[in-house]
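The following exercises ask the reader to locate features of a model and to check each one in turn. Each task is followed by a worked solution.

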Amino acid sequence: MNDPQPKAPSPAPTPPRPVTALSEDELAALTGLNVDSADVMLRAGEALRARTKAALLLKGGHLAGPEIVDILIDAGATTKFRNQRIATTSTHGTGCTLASAIATGLAQGMELTAAVERAIAYVREAIRTAPGF
């Protein structure tokens, strides 16, 4: 059967907003601040966001303490993700895995905060269930 009416092309999907994930060391190098706490990490991230207008995920995994605080700073919103630290040495590659998991969520059409939240949960589960943990 020939369809006499050609179908209109589907609109192109809206590309996901980019997000930059930064460790404490990377954030310190970009801002000149000694990022040694979640409070300083937030101040440094806000200063960088004011300069770049980029969405930023500040990764707090290398800061000392029993709790890990990751901070997402985006247009008009700051979200803190707080999790208990998992006692392990099986964390090599988790930053890259986190970035890939966020990209996957965004490519699936998830909103940025939801994609970050799911990615953090995914990486935490991978750490928790790593062989030898």
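**Exercise 1.** Determine where S90 is placed, and whether S90 is buried, partly exposed or exposed.

*Solution.* Step 1: S90 is found in the loop between β4 (77-84) and α3 (94-107). Helices (H or I, at least four residues) and strands (E, at least two) are DSSP runs, numbered from the N terminus. Step 2: S90 is partly exposed, because its relative accessibility is 30%. On this scale, buried means under 20% relative accessible area, exposed over 50%, and partly exposed in between (1.4 Å probe, protein chains only). Step 3: with neighbours within four places in sequence left aside, S90 is in contact with I127, A130 and P131, where contact means heavy atoms within 4.5 Å. Step 4: S90 and A130 are 40 residues apart along the chain, and their C-alpha atoms are separated by 6.8 Å.

The model is predicted: local features need pLDDT of at least 70 and side-chain atom pairs count only at pLDDT 80 or more, while totals for chains, interfaces and linings use all residues. Residues are numbered from 1 along each chain as its sequence is written, and side-chain values use heavy atoms, with hydrogens and water left out.

**Exercise 2.** Describe the order of the elements and the pairing of the strands.

*Solution.* Step 1: the protein chain contains four helices and four strands, and from the N terminus on the order is β-α-α-β-β-β-α-α. Step 2: β1 (residues 19-22) and β2 run parallel and are joined by four bridges; two strands pair if DSSP finds at least two bridges between them. Within this pair, V19 has A55 as its bridge partner in β2. Step 3: β2 also pairs with β3, in the antiparallel sense, over three bridges, and L57 stands opposite L72 in β3. Step 4: β3 and β4 are antiparallel over eight bridges, with V69 opposite R82 in β4. These two strands form a hairpin with two residues between them. Step 5: both faces of β2 are covered, as A55 and L57 on one side and L56 and L58 on the other are all buried.

**Exercise 3.** Which residues lie nearest the centre of the largest pocket, and which elements supply its lining?

*Solution.* Step 1: a pocket is an open set of points on a 1 Å grid over the protein atoms alone, where a 1.4 Å probe fits, with protein on both sides within 12 Å along at least five of seven lines; lining residues have an atom within 4 Å of a point. Step 2: the lining has 20 residues, and G61, I68, T91, T94 and I127 lie nearest the centre. Step 3: β3 (67-74), α3 and α4 (112-128) each supply at least two lining residues; the largest share, four residues, comes from α4.
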